[in-house]
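New notebook page. I want to get my bearings in this one, starting with the rings and then moving to the core and the surface.

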Amino acid sequence: MEDANQTGMMIHFHFRPFSKLPEVQMLIFVAFLIMYLVSVSGNISILLLIWTHRSLHTPMYFFLANLAALETCYSSTIAPLTLASTLSMGRTLISLAGCGAQMFFFIFLGSADCILLAVMAYDRFVAICHPLRYSLMMSWRLCAQLALGSLVLGFILAMQLTVLIFRLPFCSSKEIGMFYCDVLPVMRLACADTRVHEATLFVVSVAVLTLPFLLITLSYVFIVAAILKMRSAEGRRKAFSTCSSHMTVVLLQYGGTSLIYLCPSSSYSPERGQVVSVVYTFITPMLNPLIYSMRSRDLKDALKRAVVRFLSS
């Protein structure tokens, strides 16, 4: 147990490479770099469009701007260290404190992201099911409180889980079977019983994934019922269009994370975990701005105006 009681400054982790072949690692590095750049540029573009166009200053686009900001920070929590590790064939080291910081921001931003998607579903429910009371029910004060609440709840859950995990004893420098400091791979490196920690992770996962998803599902049951009652075909088309982009993002975000965090920890596979984690750490943040920009006529019009203004200046 002497090794287990080393100070955090002496413990360093490194990430398992995707392949032992340098050529494959280089291809993965290029793919990750492209996805990260597309993700950051796309989300920042949406954020700036919403910020600079008064026609987009509505609750729906306010929440979308918050989602874009979260996705930018979320990607930047994972991607830089992953790129460095991929390029160095897994030889990049991260300290215990650095690993704890990355895990905290990953849980914090990922949790806030999932909760915000539930808030966005509620916004669509009010807009479609109670259109005459929408401006009254979705006041700017309530919108700010809901956005802040998702951050606060994500922060609390992340702080509790990260502190609990990093109180575990870690024996020495270890290889994390993942490309970032994920919860389950780090817990497997501990020199102690982790059953309480696994149970806590499951409770947090239910709070972040299951409950918001149930709220989203319930919202869309009422939304679909309200849309089917609309007499105008154009109204139905527009309502389905605004909701379909949100549902696509929800399925991408919740699908991958549920496969990892809502399954029994005994069935966890590092190989499967690596592949699935790529979906919600790189692919989903890259696709989200593309999905919203393609499905939203207001965003497309704002983008066209911005491009014309740029070219004419």
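Here are my entries, in the order I looked things up.

**Entry 1, rings.** I'm working from a predicted model. I looked up the aromatic pairs and found 20 of them. I picked Phe32 and Phe179: their ring centres are 6.0 Å apart and the planes sit at 45°, so I noted the pair as tilted. The cut-offs put stacked under 30 degrees and edge-to-face over 60, so 45° falls in the remaining class.

Phe32 belongs to helix 1 (residues 22-52), while Phe179 is in the loop between strand 3 (174-176) and helix 6 (183-187). Are they buried or exposed? Phe32 has 5% relative accessibility and counts as buried; Phe179, at 2%, is buried too. Both also turn up in one aromatic cluster, along with Phe18, Tyr74, Phe106, Tyr180 and Phe282.

Next I checked the largest nonpolar core, which has 92 residues. The members touching the most others are Phe13, Leu64, Phe170, Ile176, Val186 and Phe282. Helix 3 (residues 96-129) gives the largest share, 20 residues. I followed Phe13: leaving aside residues up to four places away in sequence, its contacts include Leu93, Cys99, Phe170, Ile176 and Leu189.

Last, I found a nonpolar surface patch of about 550 Å². Leu148, Leu151, Val152, Phe155, Ile156, Met159 and Val163 make it up.

How values were computed:
Residues are numbered from 1 along each chain as its sequence is written. This is a predicted model: local features need pLDDT of at least 70, side-chain atom pairs count only at pLDDT 80 or more; totals for chains, interfaces and linings use all residues. Side-chain values use heavy atoms; hydrogens and water are left out. Rings of Phe, Tyr and Trp (its six-membered ring) pair if their centres lie within 6.5 Å; planes under 30 degrees apart count as stacked, over 60 as edge-to-face and the rest as tilted. Helices (H or I, at least four residues) and strands (E, at least two) are DSSP runs, numbered from the N terminus. Buried means under 20% relative accessible area, exposed over 50%, partly exposed in between (1.4 Å probe, protein chains only). A nonpolar core is a set of buried Ala, Val, Leu, Ile, Met, Phe, Trp, Tyr and Cys residues joined through side-chain atoms within 4.5 Å. Contact means heavy atoms within 4.5 Å. Patches are made of residues with over 30% relative accessible area and no salt bridge: like charges are joined within 9 Å, nonpolar side chains (Val, Leu, Ile, Met, Phe, Trp, Tyr) within 5 Å. Accessible areas come from the Shrake-Rupley method with a 1.4 Å probe; for residues, only the protein chains shown count as cover. A salt bridge is a side-chain nitrogen of Lys or Arg within 4 Å of a carboxyl oxygen of Asp or Glu.
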